[in-house]
There are 2 protein chains.
Amino acid sequence: MADENISDLIEHYLKEILAENEQVKIRRSEIAGLFDVVPSQINYVINTRFTIQNGYIVESKRGGGGYIRIEKVHLLDDIDVLNSLIAAIGNKLSKRDSETIVQTLYNNELINRREVSIILAAIDKDAIDLNNSDLTDIMRANIMVSILNRLRYER
Amino acid sequence: MADENISDLIEHYLKEILAENEQVKIRRSEIAGLFDVVPSQINYVINTRFTIQNGYIVESKRGGGGYIRIEKVHLLDDIDVLNSLIAAIGNKLSKRDSETIVQTLYNNELINRREVSIILAAIDKDAIDLNNSDLTDIMRANIMVSILNRLRYER
DNA sequence: AATTCTTTGACTAATATTGACTATTATTAT
DNA sequence: ATAATAATAGTCAATATTAGTCAAAGAATT
């Protein structure tokens, strides 16, 4: 414990607050000053230790009164389906495969009819078309993975 | 909450009034005086927080007896507003504006919290990023319009 | 020795604040 | 009526105040 690096210390400091609060809102330079590190190290700590995989959502604002807010979210218990879908997608996704995935989500009662509709609109061919079918498939994969990741937790 | 910037404070002040009234009519210099800022900051607050994307329309008059009036619009009552929203998006949409629009959809009960989450995931910067911020904004606009059009038939 | 993780800082991006200048409308004086 | 003046709001660019990115250097681990 005594040989922790500073990033670990900052991590623990924030997690102590999060043990008693749903979220923590900081001013980046303040925390940096508290631990005597450059401000960008706070970003490093956040990017390596407060990811969505760990159950944290981070949001921030620049400018006067700017802040970084870290929120703890509850990861759903049964996310095997989501994990395997994400793993299966890779970096390209055809229209046909995307429809299969949406159907799977619906069959597993992970999404309802309205949500099916919204997701299909988001990955609609005309919406994400780029005159380049490879790029379109990449875009479709990215969007789908982003949505699947979002479905893994509830706020 | 105590460390908000002044623009946020002015925004909340006006929205508190709007919570109980359909509209609020102010004298710019009065509000500026109340918060001890230059008058043009009131324009900044209005331009960034009371746009049609936010679900407000603003009208004003100069000269003696001049005023600024902010009025809430209701997406549900008025399908035209959905059209003007789509028109306002045009062919490019920033991350900030997109978040504003999604929030407005939620405020107007056109979508629920989960749907907010899904839509934000679909237009997330990292999801649709192409190492070209112009293209990202175009993509975000396309996806958003596609979803808005879908919502038209989904309620 | 190689690899991975941490630390640093220069540069970039986003947002807020300010004030000089402009535009519009109302009121007063001629 | 018309012109001058007063009383408003609008625009825009400069500056201030934050946070984000990225790559290089250093430290720790394998």
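Helices (H or I, at least four residues) and strands (E, at least two) are DSSP runs, numbered from the N terminus. With that in hand, α2 (28-35), α3 (40-49), β2 (56-61) and β3 (67-72) of chain A, together with α2 (28-35), α3 (40-49), β2 (56-61) and β3 (67-72) of chain B, each supply at least two residues of the surface near DNA strand D.

This is a predicted model, in which local features need pLDDT of at least 70 and side-chain atom pairs count only at pLDDT 80 or more, while totals for chains, interfaces and linings use all residues. Residues are numbered from 1 along each chain as its sequence is written, chains are lettered from A and ligands numbered from 1 in the order in which they are written, and side-chain values use heavy atoms, with hydrogens and water left out.

- Of the atoms of DNA strand D that come within 4 Å of the protein, 65% belong to sugar and phosphate.
- The surface near DNA strand D is made up of 4 nonpolar, 15 polar and 8 charged residues. Here Ala, Val, Leu, Ile, Met, Phe, Trp, Tyr, Cys and Pro count as nonpolar, Asp, Glu, Lys and Arg as charged, and the others, Gly among them, as polar.
- An N or O atom in the side chain of Ser60(A) is 2.9 Å from a phosphate oxygen of DNA strand D.
- For Arg27(B), an N or O atom in the side chain is 3.5 Å from a phosphate oxygen of DNA strand D.
- Gly63(A) has a polar backbone atom 3.0 Å from a base oxygen of DNA strand D.

**Where chain A meets chain B**

- In contact (heavy atoms within 4.5 Å) are 28 residues of chain A and 29 residues of chain B.
- The two chains bury about 2500 Å² between them, 55% of it on carbon and sulfur atoms; buried area is the accessible area (1.4 Å probe) that two parts lose on being put together, summed over both.
- Arg114(A), Ile118(A) and Arg150(A) supply 25% of the area that chain A buries against chain B, more than any other three residues.

**Salt bridges across the interface**

- The interface of chain A and chain B holds 3 salt bridges, each a side-chain nitrogen of Lys or Arg within 4 Å of a carboxyl oxygen of Asp or Glu.
- Arg114(A) and Glu115(B) join their side chains in a salt bridge (2.8 Å, N to O).

Methods. A residue is near a molecule or strand if one of its heavy atoms lies within 4 Å of it. A polar contact is a pair of N or O atoms within 3.5 Å; within protein, one must be able to donate a hydrogen and the other to accept it, and residues adjacent in sequence count only if both atoms are side-chain atoms.
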